[in-house]
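Dear colleague,

Please find below the sequence and structure that I am handing over to you. A summary of the findings comes after them.

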Amino acid sequence: MRLKDLHLKLKGIRLNRFPIGDGGSKKRWQKIPMPPWLALLHGYHVLEDQPFVSGSAEPEPDSVVVHTQKIEELQLWFFGVSEGQVGDEVTKYVRSHLLDRNPKESQIRRKSKEAMRKAYHGARAKIRDAQKADEPWRAGSVSVLVINTGDLVMASMGNYRAVVCRAAMAHEIGSRGQKSAKRYWSRRLVSVRKYLGKIACNKQSKGPEILVGAEIIDSPTEFVILASTGIWEVMNDQEAVLLIRDIDDPRIAAEYLANEALNRRSKSRISCLIIRFN
């Protein structure tokens, strides 16, 4: 495949970029200036006109967010893949409550997790208030903030999620293990019927689950996958990692992963963004 064939315009895709440096390139692959101990490449792919997408006959494509910002000695990179207005709400909050407030290096990890958590809860609340009671939830989003301190902070909602590849092994950022333990103890305190009823009520009132987590970027860290429901409903984390691990160009890797999900007849939106560390 020739590289120039990959520069096809994705009609209808909302790529949100803020005015930084040269005003924001619209290339789908970009090498971002990094400290000498860390280099970062990213690429994304969003599929349109999927013949198997469930729900609306003409669903709105996912939005992709790429933003980088320097705050004194800190360099931050914000990436996101999301449905509808979720990405806009999250990005606006993170920018106004974190990036524009010049956080100190000693506070950046804690402040980033706090901002991401509040951004997602706020976005979910706005969608819930604007949605009719009998409408199904269709809100999914995943965001990652990379910091040149070697920290990576992630937040996700619904079935969108981020997976990091470390030494060829997949690790989901934001483990659900603790929640499973809580559910186990809940079952010991209440009947199965009451427990299931409570879970159903919470899901209906609160909406999609929100996860927030953090990772350290070290030498075994190879890349991160941010992907939509359409990817994860047809492959598991480790399978996705192994499919693209040997593809150095992240835009080619993103397109390959998206097309593989399409070939497997995924019935949901297919979009993914790859962040590769060199």
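Predicted model: local features only at pLDDT ≥ 70, side-chain atom pairs only at ≥ 80, totals over all residues.

The protein contains 7 helices and 12 strands. Of its 278 residues, 49% count as buried. When contacts between residues at least 6 apart in sequence are considered, 73% of them join residues at least 24 apart.

In soluble globular proteins, nonpolar side chains tend to be buried together. Here the largest nonpolar core comprises 24 residues, and those with the most contacts inside it are Leu76, Val90, Val94 and Leu145. Two or more residues of this core come from each of strand 4 (63-71), strand 5 (74-82), helix 1 (86-97), helix 2 (108-130), strand 6 (141-147) and strand 7 (151-157). Helix 2 gives the most, with 7 residues. As for Val94, its contacts beyond the neighbours within four places in sequence are Phe78, Leu99, Met116 and Ala119.

Helix 2 has 23 residues, which at 1.5 Å a residue should span 33 Å; the end C-alpha atoms of helix 2 are 33 Å apart, so the two values agree. The buried residues of helix 2 are Ile108, Ser112, Ala115, Met116, Ala119, Tyr120, Ala123, Arg124 and Ile127. An α-helix has 3.6 residues a turn, so residues three or four places apart point the same way.

Two packed helices are described by the angle between their axes and the distance between the axes. For helix 1 and helix 2 the angle is about 140° and the axes are 9 Å apart. Angles over 145 degrees would count as roughly antiparallel, and helix 1 and helix 2 are therefore oblique to each other. Their crossing is right-handed. On the side of helix 1 the contact is made by Val86, Glu89, Val90, Tyr93 and Val94, and on the side of helix 2 by Ala115, Met116, Lys118, Ala119, Tyr120, Ala123, Lys126 and Ile127.

- Not counting residues up to four places away in sequence, leucine 98 touches Tyr93, Pro103, Ile108, Lys111, Ser112, Ala115 and Leu145. Leucine 98 and lysine 113 are 15 residues apart in sequence, and their C-alpha atoms are 10.0 Å apart in space.
- Asparagine 102 also lies in the loop between helix 1 and helix 2. Its phi is near 50°, a positive value in a residue other than glycine. With a relative accessible area of 51%, asparagine 102 is exposed.
- Glutamate 105 lies in the loop between helix 1 and helix 2 as well. Apart from residues up to four places away in sequence, glutamate 105 touches Leu74 and Thr149. Glutamate 105 and asparagine 148 are 43 residues apart in sequence and 9.9 Å apart in space, C-alpha to C-alpha.

Alanine 168 lies in the loop between strand 8 (161-166) and strand 9 (169-172). Its phi is near 75°, which is again a positive value in a residue other than glycine. Is alanine 168 buried or exposed? With a relative accessible area of 17%, alanine 168 is buried, because the cut-off for that term is under 20%.

Within helix 7, Pro250, Arg251, Ala253, Ala254, Glu255, Leu257, Ala258, Glu260 and Ala261 are buried. Helix 7 is followed by arginine 265, whose phi is positive, near 60°.

The axes of helix 6 (residues 237-244) and helix 7 come within 9 Å and cross at roughly 130°. Helix 6 and helix 7 are therefore oblique to each other, and their crossing is right-handed. Ala240, Leu243 and Ile244 of helix 6 make this contact with Ala253, Tyr256, Leu257 and Glu260 of helix 7.

With kind regards

Key
Residues numbered from 1 in each chain as written. Heavy atoms only, no water. Core = buried A, V, L, I, M, F, W, Y, C linked by side-chain atoms within 4.5 Å. Buried < 20%, exposed > 50% of the residue type's maximum accessible area, 1.4 Å probe, protein only. Helix = DSSP H or I, 4+ residues; strand = E, 2+ residues; numbered from the N terminus. Contact = heavy atoms within 4.5 Å. Expected span 1.5 Å × (residues − 1). Axes fitted to C-alpha atoms, helices over the stretch in contact; angles between N-to-C directions. Parallel < 35°, antiparallel > 145°, perpendicular 65-115°, else oblique. Left-handed = near helix turned anticlockwise from the far one by under 90°.
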